[in-house]
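Good morning, colleagues. Please look at the sequence and structure as they are shown.

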Amino acid sequence: MTNAEAYDRGFAHLSSHTVGPLLAAARESRAPRLLDVGCGTGVVTAAALALGAEVTAVDCDPVMLRLIARRHPYATIRQAALPELPFDDEQFDCVAGNFVINHVPDAAASLRELRRVLRPSGALALTWWKADEMTATSVFTEAIAATGVPYDPPARPFAAHATPPSFIALLEGAGFREAAVEAVRWRHQVDLAAWWADVVEAGGPRFGMIGGQPPAVAERIRAEYLRLAAPYAGEGFPVCAYLARATR
């Protein structure tokens, strides 16, 4: 289970950069019923509510859901996880998923489920990280490696679909039309010490192991992190995400 407050200060702030492009289809079509799938602490939900959408927010983590429920009482909150959603067919005008498709166990089945809950001509928008340009987190992986601490990162089944051509093929295979993918790049400007603290305290499958190390080992990893992150202290970490759009 993730520390929602730390996640909100760290990863949610990082992922908020893509919210505007992600919601472009909802904004242009004025889609009244929007599903925020994998809502986390609610950066997409907040923006969609501000657009006047009727938002349903879904996540598998009850701690995240309690936080988003406190912040956004006008959103409908449900606990669920892809590839199964507790909704009727054709219930939403737009589905937005900010960095969730890269975490699901079965991307193809998840896309079919998202298509099922969309109305005809409804819009889908999804983001995921371009792994080889994800400097903001790769410094943690490199810092662990530099210390020689044993590290067995979780498997990434989505890697097989992570390129734009592969994901477009996956969307089309699920029955979506007008599929397109674009790259979104930015600099994640953050205090390096605060970024370390928020990522480590957030826990999770990738970097939660740092917080479980003996203090001396964790401090060695932190020293390597600060060394590797130092070149980005001024302009920020260069990061890149892919944004996919499609129509049911």
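This is a predicted model: local features need pLDDT of at least 70, side-chain atom pairs count only at pLDDT 80 or more; totals for chains, interfaces and linings use all residues.

Residues are numbered from 1 along each chain as its sequence is written, and side-chain values use heavy atoms, with hydrogens and water left out. Helices (H or I, at least four residues) and strands (E, at least two) are DSSP runs, numbered from the N terminus.

Let me turn to the sheet. It is open and has 7 strands, in the order β3-β2-β1-β4-β5-β7-β6, with mixed pairing; two strands pair if DSSP finds at least two bridges between them. At the edges stand β3 (76–79) and β6 (177–188), and each has a single partner strand, so one side of each is left without a neighbour in the sheet. From one strand to the next, the twist averages 15°.

Within this sheet, β4 (residues 92–98) pairs with β5 (residues 118–129) in the parallel sense, over 6 bridges. Val 95 has Leu 124 in β5 as its bridge partner. Helix α5 (residues 43–50) lies across β1 (33–37), β2 (54–59) and β4, and runs at about 175° to β2. Here axes are lines fitted to C-alpha atoms, for helices over the stretch in contact, and angles run from 0 to 180 degrees between N-to-C directions.

How do helices α8 and α11 pack? Helix α8 (residues 135–147) meets helix α11 (residues 204–211) at an angle of about 50°, and their axes are 11 Å apart. That makes α8 oblique to α11, since angles under 35 degrees count as roughly parallel, over 145 as roughly antiparallel, 65 to 115 as roughly perpendicular and the rest as oblique. Thr 137, Phe 140, Thr 141 and Ile 144 in α8 are in contact (heavy atoms within 4.5 Å) with Arg 206, Phe 207, Met 209 and Ile 210 in α11. By class, these residues comprise 5 nonpolar, 2 polar and 1 charged.

The second pair is α7 (residues 107–117) and α9 (residues 164–173), whose axes come within 9 Å and cross at roughly 50°. These two helices are therefore oblique to each other. On the α7 side, Ala 107, Ala 108 and Leu 111 meet Phe 167, Leu 170 and Leu 171 of α9.

Key
Ala, Val, Leu, Ile, Met, Phe, Trp, Tyr, Cys and Pro count as nonpolar, Asp, Glu, Lys and Arg as charged, and the others, Gly among them, as polar.
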